[in-house]
Amino acid sequence: MSSTQTEDARETRVVHKRRRRAVRIAEQASGGITSLIVKIALIAVIDALSLYALFVSMAQQQWTVFAVILVIAASINIIYFTRGWLPAKYLAPGLVFLLIFQVFVIGYTAYIAFTNYGTGHNSTKQDAVIALVQSAQDRVPDSPAYDLTVLDQLGTYSFLVTAPDGTVSMGNDATPLHTVDGAEMSGGKAVGLSGYTALDFASILQHQDEIAKIAVQISDDPNDGALRTPDGSSAYLYVSTLVYDEAAGTMTDTTTNTVYTDTGVGAFTAENGEQLMPGWSIAVGTENFTKAFTEQSIRGPLVSVTIWTFAFALLSVLTTFLLGLFLAIVFNDMRMKGRKFYRVLMILPYAFPGFLGALVWAGLLNRDFGFVNDVIFGGAEIPWLTNEWLAKISILWVNLWLGFPYMFLVCTGALQAIPEELTEAATVDGAKPFAIFRLIKFPLLLVTVAPLLISSFAFNFNNFNLIYMLTEGGPRDAAAGINVGGTDILISMVYKVAFVGASRDYGLASAFSIIIFVVVAVISIISFKQTKALEDLN
């Protein structure tokens, strides 16, 4: 047998040995009574959670969510109770988390971007009608008193009502009054019902604010009025001054005879343009995207914030990289004494939580009592965080303090990975130190750090913590049509539009999020394509 055949036979035996080991490991991982019990227990937990989620989605008539949960639960059971399918058993958990935390989030954000979902438009038309009718209710002057017992079931309060004619019925905020049987009676008044806890006087006093807000509709028609209670023992009929006409799709204010019509904008609107709030959520197509680029009160701030976001991200990467690289070169010099001590000192800001560091700097830079003004500038009231340009400088400075240790560590590792033989060969050829660094070390350094610089740019592009903890995006731009400040970047602006202030526009914020996603994705794709050229240096 030749040496080549011997080598081939040895490689074949090694391959077979590895396969047998892989099969043995797979069998051990999937076999055994203990692993079987654990598998059954985990799948039982998943099935129980899935069943609960199915009931909830069915009760809320969320049929798309219901179908997705059903498909995922069924797929998991099939995959893990079927022999074989080993790749699917390993991939299934990752795919489920990918669907829940990536695909669903992106898909739901995209869906919201095409609606008017926000303050005053966050529910259905039916909920809006009920809310409007209940908000304009007045007590009927000659309303009879209904004997009342307040019931509690898992934190939900219901009215157990005994009408003057002796009829016993029950209802709550979500369910109109309906007749019930089997109520416990005392002196002609229903005082209890099986499965519910009747509140005593002390409990009613403890929860009187919540109980006073409850309005139980008399029937399915909101125009028939609702029962409210001032004391928890008697209820009275309240009728709204707003009358809803379902056939005509109108809401009429009986005190002014003003007719509000459903004009398809998600709110009842009068002829003079006045709208009744709350409205309801509807699909608006590309209106949010159009508004972002065409309304001057939004487009102007959006352009300014976009420019500042790019400038902030670029300057953050550039300043931290240059400082980190400079320190790495200095502390990589063997002539430097106490390098270990200085290296530990340099990475201390990196060990400090970023959001906490920003809060500390917000105190240090306070105009009135901050350390910087009081001690360094002798009590000068310099508005580091309230003047737009000083606030931007402060943000870049604090980000440099927080970010240079990371670049220092990266550059130190990359420089030490460059073979010393290259430097020695260049020195022998007569190259100067700066030329060696510029023509040899720096290009090789970029091969390692270029992807990290791109990821650092993407991180700073969405560096919400620093902006919000240091300046909260301020100072506020009073002329803008949206809640935005002079140091807001895109992601903090999205947060403010969605969650800050009395008027929150989730639809517009979602549209901004989609725009940011597209911008970052395009930049990343272009940047990574460009960095491929550096790979040729290897």
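This is a predicted model: local features need pLDDT of at least 70, side-chain atom pairs count only at pLDDT 80 or more; totals for chains, interfaces and linings use all residues.
Contact here means heavy atoms within 4.5 Å.

Two packed helices are described by the angle between their axes and the distance between the axes. For helix α9 (residues 296–331) and helix α16 (residues 433–461), the axes come within 10 Å and cross at roughly 140°. That angle makes α9 oblique to α16, since only values over 145 degrees count as roughly antiparallel. The crossing of α9 past α16 is right-handed.

On the α9 side, the residues that meet α16 are T309, F310, F312, A313, L314, S316, V317, F321, L325 and I329. Their partners in α16 are F437, F442, L445, V449, L453, S456, F457, N460 and F461. By class, the residues of this contact divide into 15 nonpolar, four polar and no charged.

Apart from neighbours within four places in sequence, S456 is in contact with V317 and M407.

The loops hold some backbone features. A cis peptide bond links M277 to P278, with omega near 10°; P278 sits in the loop between β15 (268–269) and α8 (287–294). The bond from G474 to P475 is also cis, with omega near 5°, and P475 belongs to the loop between α17 (464–470) and α18 (490–499).

L154, not a glycine, has a positive phi of about 55°. This residue lies in the loop between β2 (146–153) and β3 (156–162) and is exposed, with a relative accessible area of 87%. N257, another residue other than glycine, has a positive phi near 60°. N257 is placed in the loop between β13 (250–253) and β14 (258–262), and at 62% relative accessibility it counts as exposed.

Terms used
Residues are numbered from 1 along each chain as its sequence is written. Side-chain values use heavy atoms; hydrogens and water are left out. Axes are lines fitted to C-alpha atoms, for helices over the stretch in contact, and angles run from 0 to 180 degrees between N-to-C directions. Helices (H or I, at least four residues) and strands (E, at least two) are DSSP runs, numbered from the N terminus. Angles under 35 degrees count as roughly parallel, over 145 as roughly antiparallel, 65 to 115 as roughly perpendicular and the rest as oblique. A crossing is left-handed if the near helix is turned anticlockwise from the far one by less than a right angle, and right-handed if clockwise. Ala, Val, Leu, Ile, Met, Phe, Trp, Tyr, Cys and Pro count as nonpolar, Asp, Glu, Lys and Arg as charged, and the others, Gly among them, as polar. Buried means under 20% relative accessible area, exposed over 50%, partly exposed in between (1.4 Å probe, protein chains only).
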